[in-house]
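Dear colleague,

I am handing over the structure below, and my notes on it follow. Please read them with the sequence and coordinates open beside you.

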Amino acid sequence: MDSHSDDEKLIRRIHGKYYQLAVDPYKEAESSFRSRKCPKCKKTRVGDYRIIYFINDLTKEVEIIDIGPRRSIYKKWN
């Protein structure tokens, strides 16, 4: 499999995760994410990538804060 098709698969998986977050963001949240920069943010995983997001309970909106490889996301948001 070439890297182009791998990238397309990853993009499709991330889009699928967006849909899941829109349906039920609390179900997708992993409880182990702790960040001093964004203490109310949640995380979810897509393979080796992480999506950091914030749930606004007043407006019922999910804001995607960041997406990236696991290692760099944890360094950036610690």
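This is a predicted model: local features need pLDDT of at least 70, side-chain atom pairs count only at pLDDT 80 or more; totals for chains, interfaces and linings use all residues.

**Cores, sheet and helix packing**

The largest nonpolar core is made up of seven residues in all, namely Leu10, Ile14, Leu21, Val46, Ile51, Tyr53 and Ile55; a nonpolar core here is a set of buried Ala, Val, Leu, Ile, Met, Phe, Trp, Tyr and Cys residues joined through side-chain atoms within 4.5 Å, where buried means under 20% relative accessible area, exposed over 50% and partly exposed in between (1.4 Å probe, protein chains only). Helix H1 (3–23) and strand E2 (49–56) each supply at least two residues of this core, with helices (H or I, at least four residues) and strands (E, at least two) taken as DSSP runs numbered from the N terminus.

Residues are numbered from 1 along each chain as its sequence is written, and side-chain values use heavy atoms, with hydrogens and water left out.

Leaving aside neighbours within four places in sequence, Leu21 is in contact (heavy atoms within 4.5 Å) with Glu28, Thr44, Ile51, Tyr53, Val62 and Ile64. Ile73, placed in helix H3 (residues 70–77), is buried, with a relative accessible area of 2%. With neighbours within four places again set aside, the contacts of Ile73 are Arg50, Ile52, Asp66, Ile67 and Gly68. Between Ile73 and Lys37 there are 12 Å in space, C-alpha to C-alpha, and 36 residues in sequence.

The sheet is open, with three strands in the order E1-E2-E3 and antiparallel pairing, two strands being paired if DSSP finds at least two bridges between them. Strand E1 (42–46) and strand E3 (61–69) are the edge strands, each pairing on one side only, and neighbouring strands are turned by 25° against each other on average, direction ignored. Five bridges join the antiparallel E1 and E2; among the bridge partners in E2 are Ile52 for Lys43 and Tyr49 for Val46. The hairpin of E1 and E2 has two residues between the strands, and Gly47 takes a positive phi near 65° in that hairpin.

Finally, H3 lies across E1, E2 and E3 and runs at about 115° to E3, where axes are lines fitted to C-alpha atoms, for helices over the stretch in contact, and angles run from 0 to 180 degrees between N-to-C directions.

With best regards
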